[in-house]
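Subject: Handing over the model

Hi there,

Here is the structure I promised to pass on to you. Please open it beside this message, and then read on for what turned up.

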Amino acid sequence: MSQDEAPVALDIEQLSVMFDTPDGPLSAVNDFALEIRRGECVGVVGESGAGKSQSFLAVMGLLAANARVSGQARLGTEPLIGRSIAELNQFRGVKLSMIFQDPMTSLTPHMTVGEQIAESIIHHLKISADAARARALALLEQVQVTDAPRRLDQYPHELSGGMRQRVMIAIALACDPEVLIADEPTTALDVTIQAQILALLAKLKRERGMAMALITHDLGVVAGIADRVAVMYAGRVVELGTVHEVLKAPKHPYTAALLASMPRIDDTGTGPLPAIGGQPPNPRRLPPGCAFGPRCERVDETCRAARPALAGHDRRVACHHPLERP
């Protein structure tokens, strides 16, 4: 079965997230739509504040109390939005797992690594403590933690950043989830450890046939592991396509600007990197037309007046004047 024929594991439609604040409502996500198939990795990229993490925290039911969520998200055929915490706990950690940005703050400091992995296994799989410990050891070995038997009885502060991130991956995989959400999983790591973690995630995705959402601001990370990429700006997906299509021939001016601002290995280094002028829009006062308009060299009156729809079939772009590439 080809990837295009694989069943949809996570289907998100018209997802919007609004936060009530003392200064008025803040629009964090606007009509976010994305489907991820089994065995597929979709990279979700964009600047800080684009709505990447908030979109998936909404799917997980982990937003702050002042959030208002609308739209649909389905795990297979099971709806997720609007369900109670008790109902969501039937899926979280079992069929749907998330790796968070900072393992040091996500891991419990007073529990050993083995206890933290086994806790989820015992809770969801209802097996004995001895069996859960054996499974925890097997998971640590699977995520390539060195000297795994000794690490089981260590605390998070005794491990390096790369080891802590591997422990977080082990916890997320403990109950064989169908969908894994990885939120900036390599941000705090040096480049060598980053490459190891990304290679590990790619290997686990292949072996387990998981669907994976990889949230990142780094297009280089996406190029190395993702099958498709969704580019977000001001809470919306503005471009969607295969990694090869989007990175080789971007259609949205924002995607092209992001790519132009990346350092290249063949760059002579004689001048500054191109930068995207201006600032992202205030999420409390989004412009009526294209949110990227104030920073775009192709903007005209149509762009200022009407918000472009995300149009197309497999390759989609939200732009009145998309870039034409050979």
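This is a predicted model: local features need pLDDT of at least 70, side-chain atom pairs count only at pLDDT 80 or more; totals for chains, interfaces and linings use all residues.

Residues are numbered from 1 along each chain as its sequence is written, and side-chain values use heavy atoms, with hydrogens and water left out. Helices (H or I, at least four residues) and strands (E, at least two) are DSSP runs, numbered from the N terminus.

**The sheet**

Four strands make an open sheet with antiparallel pairing, in the order β2-β1-β4-β5; two strands pair if DSSP finds at least two bridges between them. The edges are taken by β2 and β5 (78-79), each with a single partner strand, so one side of each has no neighbour in the sheet.

Going through the pairs, strand β1 (residues 8-21) is joined to strand β2 (residues 24-37) by ten bridges. A hairpin of two residues links β1 to β2. Eight bridges connect β1 to β4, where Asp-11 stands opposite Arg-74. Strand β4 (residues 67-75) and β5 share two bridges, and Leu-75 has Glu-78 of β5 as its bridge partner.

Helix α1 (residues 52-60) packs on this sheet and touches β1, β2 and β4. The direction of α1 makes about 105° with that of β1, where axes are lines fitted to C-alpha atoms (for helices over the stretch in contact) and angles run from 0 to 180 degrees between N-to-C directions.

**Two buried residues**

Where does Leu-10 sit, and what does Leu-10 touch? Leu-10 is in strand β1 and is buried, with a relative accessible area of 0%. Buried means under 20% relative accessible area, exposed over 50%, and partly exposed in between (1.4 Å probe, protein chains only). Not counting residues up to four places away in sequence, the contacts of Leu-10 include Leu-34, Phe-56, Val-59, Leu-80 and Val-179; contact means heavy atoms within 4.5 Å. Leu-180 is 170 residues from Leu-10 in sequence, with 10.0 Å between their C-alpha atoms.

Glu-184 lies in the loop between β7 (179-183) and α8 (191-208). Glu-184 is buried too, at a relative accessible area of 10%. Leaving out residues up to four places away in sequence, Glu-184 touches Lys-52, Gln-101, Ile-215, Thr-216 and His-217.

**Helix packing**

The axes of helix α4 (residues 113-125) and helix α5 (residues 129-142) come within 8 Å and cross at roughly 120°. The two helices are therefore oblique to each other; angles under 35 degrees count as roughly parallel, over 145 as roughly antiparallel, 65 to 115 as roughly perpendicular and the rest as oblique. Among the residues that meet are Ile-117, Ile-121 and Leu-125 in α4, and Ala-132, Ala-136 and Leu-139 in α5.

In helix α11 (residues 253-260), the buried residues are Pro-253, Tyr-254, Thr-255, Ala-256 and Leu-258. They pack against α9 (219-225), β9 (228-233), β10 (236-242) and α10 (243-248).
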